[in-house]
Structures are given as C-alpha cells and as structure tokens.
Amino acid sequence: MSQGFTGDRIILKDLGFYGYHGVFAEEAKLGQRFFIDLELGVDLSAPATTDRLSTGISYAEIYDVVKSAFETRRMKLLEAVAQNIVDAIFEAFQSVNWVVIRVRKPEAPIAMVRGEAAIELHRERKTQ
C-alpha cells in the first residue's frame with residue numbers, strides 16, 4: 001500500500017448484491033451474486049470524540065451509494081464495476097480520502113471447483 005492508505009478507516013465487508021455484470025450473454029440474462037468489501041480512508045476523530053453521527057459518515061448512506069452505483073448500469077468487467085462505485089463514493093462523501101474496494105464474483109463462469117474470481121482497486125482522491 002502507498003503512504004496514502006494509512007490512518008482511520010470505515011470498513012464494510014461482504015455487502016451482497018445480485019447483478020447482471022459480465023462478459024457473457026448468460027450473465028446479462030440470468031445474473032448472479034456479487035460481494036463487495038470496502039475500506040474508506042476518513043478522519044474519524046470527530047465522531048470518536050463527540051459520539052454524534054452528524055460528525056461522521058453513516059454506514060447506511062455508504063451502502064445506499066454503493067448499491068445505487070452497482071445497480072445503475074450493467075458493465076462487462078469487475079474492474080469497471082469497482083471504479084464506478086469508487087467514483088460514486090468520492091462524489092458523495094467529500095471527507096473520504098482513499099478507497100480500497102474488492103469486488104468478488106463467486107459464480108464466475110470459469111471452471112473452478114471452489115473459490116471466486118475477484119479484483120481489488122486502491123484509489124486516492126485526486127487533488128485539484
């Protein structure tokens with residue numbers, strides 16, 4: 001990890017969705033399960049000291065942004081799905097400095113007896 005991926009973070013794991021992402025026509029027609037793991041780099045000092053949700057980010061709001069980005073449009077590649085979610089998170093939450101996202105596809109149409117296909121992106125907010 002780069003220096004930017006240190007400090008406080010919000011972690012959401014095993015967010016489950018049903019979607020139609022994939023290269024093959026069957027994936028677009030039948031759909032399948034996906035799981036998403038997230039780490040969001042954000043200063044948690046204020047919510048830690050005030051114990052007020054208004055000083056932090058609601059986990060439910062994060063989930064809603066992820067769900068909307070996941071379901072908005074069909075994509076062929078997991079990498080594109082993940083980047084779309086990262087872009088939505090950066091747009092919705094200005095205090096998020098970086099995101100680590102893993103998108104897992106347990107029923108990927110490849111010959112595996114057990115396991116899953118997955119990708120992981122590490123993204124920092126671009127400074128302007």
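Guide: Let us begin with aromatic rings: the rings of Phe, Tyr and Trp (its six-membered ring) pair if their centres lie within 6.5 Å, and planes under 30 degrees apart count as stacked, over 60 as edge-to-face and the rest as tilted. In this structure, Phe17, Phe34, Tyr63 and Phe70 form one aromatic cluster. Please note that this is a predicted model, in which local features need pLDDT of at least 70, side-chain atom pairs count only at pLDDT 80 or more, and totals for chains, interfaces and linings use all residues. Residues are numbered from 1 along each chain as its sequence is written, and side-chain values use heavy atoms, with hydrogens and water left out.

Visitor: How many aromatic pairs does a search of the whole structure find?

Guide: A pair of aromatic rings is described by the distance of the centres and the angle of the planes. The search of the whole structure finds five such pairs. One of them joins Phe17 and Phe70, which are stacked at 5.0 Å centre to centre with 25 degrees between the planes.

Visitor: Which parts of the chain does the pair of Phe17 and Phe70 tie together?

Guide: Here we need the naming of elements: helices (H or I, at least four residues) and strands (E, at least two) are DSSP runs, numbered from the N terminus. Phe17 belongs to strand E1 (residues 9-19) and Phe70 to helix H3 (residues 59-72), so the pair ties together parts that are 53 residues apart in sequence.

Visitor: Are Phe17 and Phe70 buried or exposed?

Guide: Buried means under 20% relative accessible area, exposed over 50%, and partly exposed in between (1.4 Å probe, protein chains only). Both Phe17 and Phe70 are buried. Another pair is that of Tyr18 and Tyr20: their ring centres are 5.8 Å apart and their planes stand at 80 degrees, so this pair is edge-to-face. Tyr18, at 44% relative accessibility, counts as partly exposed, and Tyr20, at 37%, also counts as partly exposed.

Visitor: In what order do the four strands form the open sheet?

Guide: The rule is that two strands pair if DSSP finds at least two bridges between them. The order here is E1-E2-E3-E4, and the pairing is antiparallel. E1 and strand E4 (117-124) stand at the edges, each with a single partner strand, so one side of each is left without a neighbour in the sheet.

Visitor: How many bridges join E1 to strand E2?

Guide: Nine bridges join E1 to E2 (residues 32-41); Arg9, for example, has Gly41 in E2 as its bridge partner. E2 and E3 pair over seven bridges, and the partner of Phe35 in E3 is Arg104. Eight bridges connect E3 to E4, where Ile101 stands opposite Leu121 in E4. Strand E3 (residues 98-105) is mostly covered, with seven of its eight residues buried.

Visitor: How many salt bridges does the count come to?

Guide: A salt bridge is a side-chain nitrogen of Lys or Arg within 4 Å of a carboxyl oxygen of Asp or Glu. By this rule the count comes to eight. Among them is the bridge of Asp14 with Arg104, whose closest N and O atoms are 2.3 Å apart. This pair links distant parts of the chain, with Asp14 in strand E1 and Arg104 in strand E3, 90 residues apart. Arg104, at 12% relative accessibility, counts as buried.

Visitor: Which residue forms a salt bridge with Asp37?

Guide: Arg102 does, the closest N and O atoms being 3.6 Å apart. Here, too, distant parts of the chain are linked: Arg102 lies in strand E3 and Asp37 in strand E2, 65 residues apart. Arg102 is partly exposed, with a relative accessible area of 32%, whereas Asp37, at 9%, counts as buried.

Visitor: Which residues are linked in a network of salt bridges?

Guide: The network links Asp14, Asp37, Arg102, Arg104, Glu116 and Glu120. Within it, Glu116 forms a salt bridge with Arg104, the closest N and O atoms being 3.5 Å apart. Glu116 lies in the loop between E3 and E4 and Arg104 in strand E3, so the pair ties together parts that are twelve residues apart in sequence. Glu116 is partly exposed, with a relative accessible area of 36%.
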